[in-house]
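Hi,

Here is the structure I promised to send over. Have a look at it first, and then read on for what turned up when I went through it.

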Amino acid sequence: MDDLAGFLRTRRSRVDPAGAGIPIDSRRRVQGLRREEVAHLSGVSVDYYIRLEQGRATQPSEQVLDALARVLGLDDTERGHLYRLGRQRRRKSKSPTGRLRPELPRVLDLITDAPALIVDHRLDAAAGNHLAHLLYGRPVKGLNTARHIFLEETERGLYADWDQCTRDVVGHLRLAAGKYPEDPRLASLIGELAMGSERFRRLWARADVRARTYGRKAYRHPLVGELELHQENFALPDESGMELLVLSAAPGSPSADALRLLAGLDAGDDVRPTAPKDQLVLIGDCRLPEPVELADLRPMILHLARGEVVAG
């Protein structure tokens, strides 16, 4: 799924020769550094480095990896990925157990004011709380967020910052492939995404790795509109390899009001933007005749979520 040779080639192509002290002129056609330049700056022979990029030298020493990481300007995440790739032939990493302890769903249920879910290294969701179900408009258990983003959602779907989400997902899966190269389910998922999404294929070819443990996440919900949330990832202290993801809103923000509204919805309801024509829509003490576009009522329901009186 992932290999040291390919990672070295992509990183080499992104190094600025001038920044590495290499004189350049208008005749230069190579993007990034040449192989012999990497070899010279790293203190290894040109032949040895060529064999590394061709996959014929597969067990570089720690000293060689340190030198390559320095020359290629790798960040901490990329450096760790390089070391794992360099050690793959010597020590195979077993895939995590992926077993969900029975106490964890109870912990999720204690989180009532923020969507929360538990995912594994393949981005398969093992469980989610009430708000997570409502955010995604479906039961979270069994949802694969990578498949959801690339194959089920469009650029105008649930993910307001779809481009950034796709980069984060591919970077995460690249990192997982480096950690667990023998995981057949991960390999199958990557193959499925590559077959079904041109954007996934383009991003995968870049060989970028990302370890996102926190950050902004923006959603576009069919009922309550834009949600700007903050995601925190917490690694579970066991051998499951799973993480707890919590998506919180800033207190007093419109997103907090929207989450409070979502929390009041019945988790068993089918969340749809349009109410059926044979039903009345109840908002507070108001009854609105059919048909009604719930998206048009966002200002009213958000006022009611804040406990404000709506005139009219």
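Let me start with the aromatics. Keep in mind throughout that this is a predicted model. Searching the whole structure turns up four aromatic pairs. In one of them, the ring centres of Tyr159 and Tyr219 are 5.8 Å apart and the planes meet at 45°, so this pair counts as tilted. Tyr159 sits in the loop between α8 (145-152) and α9 (162-179), while Tyr219 belongs to strand β3 (residues 214-221), so the pair ties together parts that are 60 residues apart in sequence. Tyr159 and Tyr219 are both buried.

Another pair is Phe200 with Trp204: centres 5.6 Å apart and planes at 15°, so this one is stacked. Both residues are in helix α11 (residues 198-206), four residues apart, or about one turn of the helix. As a reminder, an α-helix has 3.6 residues a turn, so residues three or four places apart point the same way. Phe200 is buried and Trp204 is too. Together with Phe150 and Trp162, Phe200 and Trp204 make up one aromatic cluster. Trp204 also has a charge on it: the charged end of Arg174 sits over its ring, 4.1 Å from the centre.

Now the cores. Which residues touch the most other members of the largest nonpolar core? Out of its 42 residues, they are Tyr136, Phe150, Tyr159, Leu173, Phe200, Tyr219 and Leu227. The biggest contribution to this core comes from α9, with seven residues. Apart from it there is another core, of 24 residues, including Leu68, Ala69, Val71 and Leu74.

Back to Tyr159 for a moment. Setting aside neighbours within four places in sequence, Tyr159 is in contact with Tyr136, His148, Ile149, Glu153, Cys165, Ala218, Tyr219 and Arg220.

After α2 comes Gly43, with a positive phi near 80°. Asp47 is in helix α3 (residues 46-53). Is Asp47 buried, exposed or partly exposed? Its relative accessible area is 46%, so Asp47 is partly exposed.

Of the 312 residues, 46% are buried. The chain exposes about 16600 Å², and carbon and sulfur atoms supply 50% of that. Taking contacts between residues at least 6 apart in sequence, 56% join residues at least 24 apart.

Finally, a word on confidence. The mean pLDDT of the chain is 83, with 82% of the residues at 70 or more. The pLDDT falls below 50 over residues 267-295, although this stretch has 41 contacts in the model beyond near neighbours in sequence.

Best wishes

Terms used: Residues numbered from 1 in each chain as written. Predicted model: local features only at pLDDT ≥ 70, side-chain atom pairs only at ≥ 80, totals over all residues. Heavy atoms only, no water. Buried < 20%, exposed > 50% of the residue type's maximum accessible area, 1.4 Å probe, protein only. Contact = heavy atoms within 4.5 Å. Areas by Shrake-Rupley, 256 points an atom, 1.4 Å probe, with all protein chains shown as cover. Phe/Tyr/Trp six-rings, centres within 6.5 Å; stacked < 30°, edge-to-face > 60°. Helix = DSSP H or I, 4+ residues; strand = E, 2+ residues; numbered from the N terminus. Lys NZ or Arg CZ within 6 Å of the ring centre and 35° of its normal. Core = buried A, V, L, I, M, F, W, Y, C linked by side-chain atoms within 4.5 Å. pLDDT = per-residue confidence, 0-100.
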